[in-house]
Amino acid sequence: MAVARIKGAARIKGALRSPVTFSVVAGLVIGALFLIGTGADPLAAYRAVVTGSLGADGIGSTLSTGTSVLGMSLALAIPLRAGLINLGGDGQMVLGGIAAAVTGLYSPLPAPLTVVLALLAGIAAGAAYAALAALCENRFGVPLLVSSLLLSYPATSFASYLVRYPLKEPGSSLPQTRQLPEGVALPAFGTSTVTIGLVLVVLAAAAYWFADRRTAVGYEIRMTGLNARFAAYAGVERKGLTLRLVATSGALAGLVGSIGVLSFPYRFLDGSLTAPGYTWTGLTAALLAAAAPLGTVLASFFFAVLQVGGLSMERTTDVPRELTQVLQAIVIVFLAARLRFPRLRRRKPEGPDGHEPDGQGPAAQKPAAQGEFA
Amino acid sequence: MFFDSDLLMSALRALTPILLAALGGALCERAGVFNIGLEGMMLMGCFTAVATSWFTGSPWLGVLAAALAAAAYSLILAVGTVTLRGDAVVLGIAMNLLAVGLTSFLLRTIFGVQGTFDDPSLAGLPLVGGFSPLAYLAWAAVGVSALLLSRHVWGLRLRGVGEAPDAAATLGVSPARYKYAAVLLSGVLCGLAGAQLALGNVTLFSENMTAGRGWIAVVAVMLGRALPLGVLLAALLFGLAEAAGFRLQGLGMPQQATDAAPYVVTLVALFLSTAQRRRRNARTTGVAS
């Protein structure tokens, strides 16, 4: 019992001293400096962020934004767990959205089946396009980081072309498809904008948690992330793992795209999926959580709060909401630089030689810093 | 006629920002720092150039300020990777995101506009012989950096630091100092690239106006194997793709198809170059990888 309590205290102490805490606090402090610089009251601004996103008016919006953010965070976290970065989330998401829109518009099946088919089409499109980026790395030796990003641009251009010409709603001045037929939509909770899509991404998060913790594949992925060469030596088939992870990542991105199309405004509007920057917010959340499943969920929620709260901050304090984007990036800059709070050196009254009772002297600090991206 | 001197001219105009940024990336690569923050550094350069030119009325001060601001911004990468030994890939990505957020935020707080700032009285760079002065500077920078890396003791040491930092340190060459210098130089070059982008062919700033050019520069470094002349050829390829895209657009191709062209061309070039390298490796070692 007592041991458990000491362990718990040590864990809390460790969490407070982790670079994640430092980065988030540093981000908020620098954000406050920005706010003071623009002449706003930082406390009022942060209060507006919290009340605007978690209050009765904002929580629905936070959850529907959170659906996309969590989906993209998972999409980026899964390959990141093995040390792979998929930067093509935008392209995979948009192709998923287009596939879902086409299925929704032209499927002859009854509406509920069409919705399922549209979701599957979106998932398949995202996965297939991401697999292409993985093939570039496996077969042609083009690093995934570069191939996935370069492939993203043609995909968004292609979608943009489709909704401007062949799929354009006749008579509309906007680059958008027709609205999906009556009933081809994800069911929403009550009158809110939160749809069953939230349940789908939370289920995906649960599946990721289970795979990460309880399955051999999850173990292989973590080992590859910790030390790819050792994992390969131990028999992990690297290329196959890359292909599967990146395809899964693309499948989730495609799912986010199709959820976006099957929710309000129930059509594909050019730029509406990419403009909110879910891919980048997702990447930030995944990096902040070091791709750990529960951490990714928490970080996604945090960033969804920032993104939605930023809007109400802008309304109440006239500070542009782009500040929240700055804040996000600062958090990752600090995290990548592996800064942390310095250990507080307390002089224990009973220990005249300054001996630290927990046996974690300065020498113990170095190895702890190694495991940050585990 | 499709391929004519006009096409070459517009290709040369399109390549300047890529070339400047890619030269910076090549210097970092040679010093052993993987720099994927080129995009963000360029974007900081774009904004600083436009803001300075607007408030001082002098595009030249804009260019200078852009170089300084981007160099200061590149310190994040230098301190983060060299001093604190952080992850260069994550830092680079974070710097790119920070630049997008910061410039959009400043665009709204300083200019009070969202999206794009352009004003007829915003002074751009004059053309000299059909090109921006920064284009000549970029070509000169190719020669200077090629000579520096192959002939000068500083370049030799820089390469030594990149290839064998421990050996360099044993000989009394401080790897940290050379890495800092390479990153700061890449900052200066990216700042100039940003100034060219925002005050060269057009005079305006718009959110995320670099639109992946920094990433193309990263690819140009890979394609050109971090050699200044190789980087020049890679940038020329991109410039030609962009110029041909504009030409095709004039002939009735949809804009979206031509927008995508440079990225596809770059990717294909990357395939071919790695495939060729693999074949050569396979021939010399007798083992297919």
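Helix H2 (residues 38-56) of chain B passes helix H3 (59-83) of chain B in a right-handed crossing. A crossing counts as right-handed if the near helix is turned clockwise from the far one by less than a right angle, and as left-handed if anticlockwise. Helices (H or I, at least four residues) and strands (E, at least two) are DSSP runs, numbered from the N terminus.

This is a predicted model, in which local features need pLDDT of at least 70 and side-chain atom pairs count only at pLDDT 80 or more, while totals for chains, interfaces and linings use all residues. Residues are numbered from 1 along each chain as its sequence is written, and chains are lettered from A and ligands numbered from 1 in the order in which they are written.

**Helix packing in chain B**

Two packed helices are described by the angle between their axes and the distance between the axes. Axes are lines fitted to C-alpha atoms, for helices over the stretch in contact, and angles run from 0 to 180 degrees between N-to-C directions. H2(B) and H3(B) pack at an angle of about 145 degrees, with their axes 7 Å apart. On the H2(B) side the contact includes B:Met41, B:Met44, B:Gly45 and B:Thr48, and on the H3(B) side it includes B:Pro59, B:Leu61, B:Gly62 and B:Tyr73. Residues are in contact if their C-beta atoms, placed from the backbone, lie within 7 Å. By class, this contact of H2(B) with H3(B) has 12 nonpolar, 7 polar and no charged residues. Here Ala, Val, Leu, Ile, Met, Phe, Trp, Tyr, Cys and Pro count as nonpolar, Asp, Glu, Lys and Arg as charged, and the others, Gly among them, as polar.

Helix H5 (residues 133-151) and helix H8 (residues 175-199) of chain B have axes that come within 10 Å and cross at roughly 150 degrees. H5(B) is therefore roughly antiparallel to H8(B). In this scheme angles under 35 degrees count as roughly parallel, over 145 as roughly antiparallel, 65 to 115 as roughly perpendicular and the rest as oblique. The crossing of H5(B) past H8(B) is left-handed. H5(B) contributes B:Leu134, B:Leu137 and B:Ala141 to the contact, and H8(B) contributes B:Leu189, B:Leu192, B:Ala195 and B:Gln196. These residues divide into 6 nonpolar, 1 polar and no charged.

**Overall form of chain B and its interface**

Chain B has 11 helices and 2 strands, and its elements run α-α-α-α-β-α-α-α-α-β-α-α-α from the N terminus on. Its radius of gyration is 19 Å, close to the 19 Å that the globule rule gives for 289 residues, so chain B is as compact as a globular protein of that length. The radius is taken over C-alpha atoms, and the globule rule is 2.2 Å times the number of residues to the power 0.38. The C-alpha trace of chain B spans about 55 × 45 × 35 Å along its principal axes.

Between the chains, 38 residues of chain B are in contact with 36 residues of chain A. The elements of chain B that give two or more residues to this side are H3 (59-83), H4 (88-111), H9 (213-223) and H11 (255-285). H4(B) supplies the largest share, 15 residues. The side of chain B that touches chain A comprises 25 nonpolar, 9 polar and 4 charged residues.

**Annotated spans**

An unreviewed UniProt entry lists "transmembrane region" for chain A at several spans, including residues 20-39 and 92-109. For chain B, UniProt places this feature (unreviewed entry) at spans including residues 38-56 and 214-240. UniProt positions are given in the numbering used here, feature names are shortened, and annotations may be inferred rather than shown by experiment.

| Span | Helix | Strand | Distance between end C-alpha atoms |
|---|---|---|---|
| Chain A, residues 20-39 | 90% helix | 0% strand | 29 Å |
| Chain A, residues 92-109 | 83% helix | 0% strand | 25 Å |
| Chain B, residues 38-56 | 100% helix | 0% strand | 26 Å |
| Chain B, residues 214-240 | 85% helix | 0% strand | 17 Å |

**Local features of chain A**

Helix H3 (residues 42-54) and helix H13 (residues 293-317) of chain A pack at an angle of about 120 degrees, with their axes 7 Å apart. H3(A) is therefore oblique to H13(A). H3(A) passes H13(A) in a right-handed crossing.

Most residues other than glycine have a negative phi, and most peptide bonds are trans. The peptide bond from A:Phe264 to A:Pro265 is cis, with omega near 5 degrees. A:Pro265 lies in the loop between helix H11 (238-262) and helix H12 (278-288) of chain A. A:Tyr266 is found in the loop between H11 and H12 of chain A, and A:Tyr266 has a positive phi of about 55 degrees although it is not a glycine.

Conventions. Two residues are in contact if their C-beta atoms, placed from the backbone, lie within 7 Å.
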